[in-house]
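Good morning, colleagues. Please look at the model on the screen while I speak.

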Amino acid sequence: IRHRGPDWSGCHVSKNNIFCHERLAIVGVESGAQPLVSEDGNLVLCVNGEIYNHKHLRNQLKKPHQFKTTSDCEVIMHMYDEMGTDLVKHLDGMFSFVLLDVKRNRVIAARDPIGITTLYYGWNSKMPETTYFASELKALNEECDKILAFPPGHVYDSETGETTRWFNPTWWDENKVPSNPVDYKVLREALEKAVRKRLMAEVPYGVLLSGGLDSSLIASIATREAEKISSGQVDNDDNFDESGPKYWPGVHSFSVGLPGSPDLIAAREVAKYLKTIHHEYTFTIQEALDAVSDVIYHLETYDVTTIRASTPMYLLSRKIKAMGVKMVLSGEGADEVFGGYLYFHQAPDKASFHSECVQRVKNLHTADCLRANKSTMAWGLEARVPFLDKEFLEVAMNIEPEEKRPNKSIGRMEKYIIRKAFDTSDDPTAKPYLPESILWRQKEQFSDGVGYSWIDSLKAVSENKVSDDELAQAGSRWSKDVPDTKEAYMYRVMFEQWFPQPACTASVVRWIPRGDWGCSSDPSGRAQKAHEQAYETKK
């Protein structure tokens, strides 16, 4: 998995434990090599991710601790020393980590609440007492005959052998329908704070900009916050490390698409408005088709919509990394939080709408988070996702679902409340966050927005590669997730070429719209009834 951490490699052996780490240096660049080992040698730590409140956590420690690095992750070791596994409840960030307590020969492992970072664990039936952990499946598939995705918001303890949930937010029960009215100011400020805390970096950073609502909002907030921080307009927040704009003033934005695609045109408009340093990349259909097999190797899935959307992101990430950029902000999560996918128009009632939102957020680690993490980390680029901030989710997931739900009869389009929260049209003195044409632009799935011919080409290629007979016999070849289209069949074959071991399919989950709502099973937004349904939006 050296592609994830090309900057340095580390290995530490203690008793019957082996810890290896491939480092991508973003914070504590000069001193944060891993595995981290405590001053007395008793604690060993491997972490993938970012702890945004590490400064605050350092200040809250009760004992005097000797910090060996300026890394945001080292505080995890010292927190464990004071509070054991309860430390995870205090972390604000995205993370997967494994920690060894040498004296007790105890290993604990944990993953962030939503699963923004990837983590797997596995076992070999010939050595049942041995547990393996890795950021990607490909590090385990030749060693283990059982491999599972480590569940988000959980912690593993070798002393009990159990993996237990530590993340229990107020919105977790999908059957509990919230009744809080939307407070646009609170919603807006929660997202602004989520973006601001993610500007922690000692390396060049930027924003992914598709020209859709979600990425454009993140880009708009990032440029505003970066300007405030770099010009000294805001006081230093002891809780967070907002170092990025101080090191690297000026926000770079990146977009990708086929020539003339909807996303490129929209992103150009947004970048011009925000005055970002904009970088636009185009790809050919052939370049993308040639990359699909490699994309499946990095994603470790055969899910159709994830592969469609990841391929352009994978190509763009390579270009971004070639510029020396190591971190980008991205807009994943908004569609799940606010019911933004066009099939949500078909929700029969507010309870069903809310339940689907909660379930989609819970399963983000199998789809959009997996895509955002692995298609960028394939090139040693880190993606951060403000919409999945813990505090922001507490606000957004507790809003009365009728306020979120699209309603054509009253002119309410998808994601209305987040659009409205950043609509300044009723205040002539306020500087608009975005042009109106972008703020109120209809949802495009990323795989559609990069150019409609991309998906059409994938379908055409699969028609030539997979025969009618092969598709008809798919059920006899596979018992799990039997492909029902030639495109899905083509991806399954490619996946099997990289990962022939049966254990490798256990972590794969397919992303499919709700068939019981009368939705097309094709995940493309174009396949849903709401696409291009024009109606006057009442703001």
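Predicted model: local features only at pLDDT ≥ 70, side-chain atom pairs only at ≥ 80, totals over all residues.

Residues are numbered from 1 along each chain as its sequence is written, and side-chain values use heavy atoms, with hydrogens and water left out.

Let me begin with the record. An unreviewed UniProt entry lists residues 1-161 as "domain: Glutamine amidotransferase type-2"; such annotations may be inferred rather than shown by experiment. In the model, this span is 10% helix and 38% strand, and its end C-alpha atoms lie 26 Å apart. Helices (H or I, at least four residues) and strands (E, at least two) are DSSP runs, numbered from the N terminus.

Now to the strands. Strands of a sheet pair through backbone hydrogen bonds, either parallel or antiparallel. Here, two strands count as paired if DSSP finds at least two bridges between them. Six strands form an open antiparallel sheet, in the order E3-E4-E5-E6-E10-E11. Why is one side of E3 and of E11 left without a neighbour in the sheet? Strand E3 (36-37) and strand E11 (162-165) stand at the edges and each has a single partner strand, so one side of each has no neighbour there. Helix H2 (residues 75-83) packs on this sheet and touches E3, strand E4 (43-51), strand E5 (93-101) and strand E6 (106-111); contact means heavy atoms within 4.5 Å. The direction of H2 makes about 120° with that of E4, where axes are lines fitted to C-alpha atoms, for helices over the stretch in contact, and angles run from 0 to 180 degrees between N-to-C directions. Strand E10 (residues 154-157) pairs with E11 over four bridges, in the antiparallel sense, and Asp157 stands opposite Glu162 in E11.

Parallel pairing also occurs. Strand E12 (residues 205-208) runs parallel to strand E15 (residues 327-329), joined by three bridges, with Tyr205 and Met327 as bridge partners. E12 also pairs in the parallel sense with strand E13 (residues 252-257), over three bridges, and there Leu208 has Phe254 as its partner.

On a 1 Å grid over the protein atoms alone, a cavity is a set of points where a 1.4 Å probe fits but cannot get out; a pocket is an open set with protein on both sides within 12 Å along at least five of seven lines; lining residues have an atom within 4 Å of a point. Grid points are joined across faces, edges and corners, and a volume is the space filled by probe spheres set on the points.

What is the volume of the largest pocket? The largest pocket holds about 1300 Å³. Its lining has 46 residues, and Ile18, Phe19, Cys20, Val98 and Phe133 are the closest to its centre. Strand E2 gives the largest share of that lining, seven residues.

The second largest pocket has a volume of about 390 Å³. Among its 23 lining residues, Thr223, Arg224, Glu227, Leu274 and Lys431 lie nearest the centre. Helix H4 (213-230) and helix H6 (262-274) each supply at least two residues of this lining, and H4 gives the most, with seven.

As for cavities, the structure holds six of 30 Å³ or more. The second largest cavity has a volume of about 70 Å³, and its lining includes Leu91, Asp92 and Arg198.
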